[in-house]
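Take a moment to look over the model before you start.

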Amino acid sequence: MTQAINPERLHQRLTYFSTIGADPAGGISRPFGSAADLKARQALRQEFEAASLTYRVDAAGNQWGILPGTDPQSKLIVAGSHLDTVPHGGAYDGIGGILISLEAIQTLMQSGYRNRHPLAVVAFTGEEPNPFGLSTLGSRLYTGRLKAQDLLQTVSSSGERLQDALRRVGGDLTHCQALDPTEVALYIEPHVEQSGRLDEADLPIGVVDCITGIYRDHITLIGEQNHAGTTPLGHRKDALEAFAEAALIVEELLQETWPEWMVGTIGQVSVYPNAINIVPSRVDFIVEWRSTDQSQLHRCAERYRDTINSRMHTRHVTLSATNVLDQAPQTLSVPLRQFLQQQVEQHQHTHLTLSSWAGHDATHMARVVPTGMLFIRSIGGKSHCPDEFSRSDDLALAASILCDSLKQLDQVVEEVISDAASL
Ligand code: HGY
Ligand code: MN
Ligand code: MN
């Protein structure tokens, strides 16, 4: 029988969290380690404790709300997401998945059901890009993709030590341990879809089969600083003009060569010395490529570096490129996907199976435990912007599907997931 979740409680929690980090300039700004992040973490801890979940924070600063199971030998069943946001972001990305997971587990507990496996909600630390240059920080530390000892000297762009930022949120790099896969049965991440495919298909829920790969290069263009009024055209080595050309090459490349779905973005740029009357001497930017085909990702990034190299040469501007992220596309667990598809159908809904064009903590969890994702329709496909919106009914439906899924998995997880074979 379908468990009746409490849509009003879910809605109220989402509304409350949307006030934490609400930015007067628009949207929500709740980056990792900020005052807003700390406030949201405190609020989440209170929600976990008020729901009678056991609260834990691990060495990566990941927060856990755990409902113990009746069998102390059985593995954790985990659901969750992240609570940090991009600058001027929306009210659903990340936090929606945490609150859906909390609603699902709380409903199950209040129904009087006695779970055999411990059930946990996790809020992973710093999923979005941050000044430390380490997106999906908490899940990468947790799964051993990042080694804590390699990060002891890491500092942010403003000079803060990562260790200090992590200590502020209750973590500690000197005590980070990678996940022991034998302790976790599986991970499910509910998340808003962030593109318009479910909305266009008029469907509330999707099941994810694969998560995009992400490749980021930090590129520096070096020209020559000079007087803006007295340097004639033929004598300029203007790094910003050179950047303008490099930026347009992203579009040029994508339009001409790549048959499969692939995108490229330059979303972060710094110009030096950034003064009205000085020919810019230097531009730093990050170019990011995404595709579910890794070889295509690598070929495109290489082609871009080669193309801008030759074009910068003709401008007498030098270039250096450093790869800062090379994250492979990730296929999610096939048996867990099939299980989630059945669950959606049991709720009288057609599902859409789709790949994720956004990155998620699920990418890293999937490398060590069977992992699945439920997508919730995003209206108009808007995300990473203040207009991000998902309907309360759709979020409540996801919580209801997750609740029933967790109950079923508690009984049959060993049949659904035959350990390593289903990764
Ligand atoms: O960048 C991303 O895809 C995600 O929102 N972290
Ligand atoms: Mn995001
Ligand atoms: Mn997210």
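**Exercise 1: two packed helices**

Task: which way does α3 pass α11, in a right-handed or a left-handed crossing?

Solution. Step 1: α3 passes α11 in a right-handed crossing, where the near helix is turned clockwise from the far one by less than a right angle. Helices are DSSP runs (H or I, at least four residues), and strands are E runs of at least two.

Step 1: α3 uses I100, S101, E103, A104, I105, T107 and L108 for the contact, and α11 uses L395, A398, A399, L402, C403, L406 and K407; contact means heavy atoms within 4.5 Å.

Step 2: sort these residues, and you find 10 nonpolar, two polar and two charged.

Before going on, note that this is a predicted model, with local features needing pLDDT of at least 70 and side-chain atom pairs pLDDT 80 or more, while totals for chains, interfaces and linings use all residues. Residues are numbered from 1 along each chain as written, chains are lettered from A and ligands numbered from 1 in written order, and side-chain values use heavy atoms, without hydrogens or water.

**Exercise 2: a metal site**

Task: which residues coordinate the manganese ion (ligand 3)?

Solution. Step 1: the donors (N, O and S atoms within 2.8 Å of the metal, or 3.2 Å for Na, K and Ca) come from H82 (NE2), D93 (OD) and H191 (NE2), at 2.1 to 2.2 Å.

Step 1: D93 lies in the loop between β3 (76-82) and α3, and H191 in strand β5 (residues 184-192), so the pair ties together parts 98 residues apart in sequence.

Step 2: D93 and H191 are both buried, meaning under 20% relative accessible area (1.4 Å probe, protein chains only).

Step 3: D93 also coordinates the manganese ion (ligand 2), which is 3.6 Å from ligand 3.

Technical notes: Ala, Val, Leu, Ile, Met, Phe, Trp, Tyr, Cys and Pro count as nonpolar, Asp, Glu, Lys and Arg as charged, and the others, Gly among them, as polar. Buried means under 20% relative accessible area, exposed over 50%, partly exposed in between (1.4 Å probe, protein chains only).
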